[in-house]
Amino acid sequence: MWVRNLSDKETATRKLEHIKIVLERNVEASEGTLLNYVRLLHNPLPELNFDEIDISMKLFGKKLNAPIMITGMTGGHPEVTWINSAIARVAEKYGIAMGVGSQRAALEDPSLENSFKVARENAPNALIVANIGGAQLAKGLNLEQIDKIINMIKADALAIHLNPAQEVFQPEGEPIYRNVIRSIKRIVDELSIPIIVKETGAGLNGVIARELWEIGIKCFDVSGLGGTSWIKVESLRKRFRRNPDGFPDHWGNPTALSIIDIRTSVPEACIIASGGIRTGLDIAKSIALGSDLTGFALPALRALSYRGEEGLERLLDDVIWQLKVVMFLTGSKKLDILKLTTPLIWGRLADEMEILGISLEELLRAKLRRILTQKKR
Ligand SMILES: Cc1cc2nc3c(=O)[nH]c(=O)nc-3n(C[C@H](O)[C@H](O)[C@H](O)COP(=O)(O)O)c2cc1C
């Protein structure tokens, strides 16, 4: 296994420490996405053949062969260069999107640029997303620096990540979030490429998405609760000095709720569903709840580290097949038809929707509005 080859010195750096922990320990939140409270109605007469199912879509003007993005994880250390290279080769081969991890390290030390540049070198056509923290923007990154990270990988879009839970649990963290929204607005006003605002496993919500929409953000990666928990990752680090007992590693907005909340708050927005997305059924449910595409991080890293590129390809083959099975069994020839499916929602997810004042009718209307505005473009 790749992680065994790391020397102690190398693991002393935070990036490698994170990767070592997520590969070796249970870092997933103890509470799930709430997608288990969603069911799609079986269609016993789909009136289509399995091989007619089309899961392609367009994002930021580029065609994706499947509604999947491997979301940003890494770069920023020579030891992880191979990870971005491998993800990029697979993304190019499968026609899916990929993000790189935070490029902050490469701004501080240009010798680390190569660990990001390899993404574009290995995926000349794939949709690639650059990455920087909202908190770093607020600390005063200038436009020249933002241009630099975009040009480093000839990015198609820029993801700005929000990670207050990680910053507050990270021993060296900087939980400084004042002026982030103003800094994001400055970037939106100046940049011409699409900008995605993403969480990192604790979930965006509808109110924040609305606020960001009003300053010009059109795309949201929910990165909700139910998958990788940074509260857990940081608590597992040797450097962690506080007592995390009693603090829930299930803090956050569950992915399913986050999708619904954002779709109904900003019906026309592009939504990427991520955080605990593990199967083709999760992908199908997320799309039926109102997302446009889905993303995952941890399973891709694990597949790659344990079984190499072949392992990652196998994972994609499996989830793509599972997604097509669900589409066949719901009679959805195309993603737009799946998007219009009425999801059956019950239990905790239904209760939490009710508390937020969101009805199923409102969700269905919002999903329809998204499809109609896309068709007009
Ligand atoms: C090892 C690792 C490193 C990550 N680093 C970043 C990062 O640098 N920037 C970012 O926006 N998200 C980062 N993430 C968060 C993921 O993009 C994703 O939002 C989150 O892990 C939830 O997805 P998952 O449950 O499929 O892992 C990282 C995730 C992992 C597992």
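In helix α5, the buried residues are Ser-115, Phe-116, Lys-117, Val-118, Ala-119, Arg-120 and Asn-122; buried means 20 or more other C-beta atoms, placed from the backbone, within 10 Å of a residue's own. The model is predicted: local features need pLDDT of at least 70 and side-chain atom pairs count only at pLDDT 80 or more, while totals for chains, interfaces and linings use all residues. Residues are numbered from 1 along each chain as its sequence is written.

With 7 of its 9 residues buried, α5 (residues 114–122) is mostly covered. Helices here are DSSP runs (H or I, at least four residues) and strands likewise (E, at least two), numbered from the N terminus. The cover over the buried residues of α5 includes the elements below.

| Element | Residues |
|---|---|
| α3 | 81–94 |
| β5 | 97–99 |
| α4 | 104–108 |
| β6 | 128–133 |
| α7 | 143–152 |

Helices α13 (residues 280–289) and α14 (residues 298–329) pack with axes 7 Å apart, at an angle of about 50°. On the α13 side, the contact is made by Gly-280, Leu-281, Ile-283 and Ala-284; contact means C-beta atoms, placed from the backbone, within 7 Å. Residues of α14 in it include Val-319, Ile-320 and Trp-321.

Ala-66 sits in the loop between β3 (62–64) and β4 (68–70). Ala-66 is buried because 22 other C-beta atoms lie within 10 Å. Leaving out residues up to four places away in sequence, Ala-66 touches Ile-55, Tyr-94, Ile-96 and Ile-320.

Technical notes. Buried ≥ 20, exposed ≤ 12 C-beta atoms within 10 Å, placed from the backbone. Contact = placed C-beta atoms within 7 Å. Axes fitted to C-alpha atoms, helices over the stretch in contact; angles between N-to-C directions.
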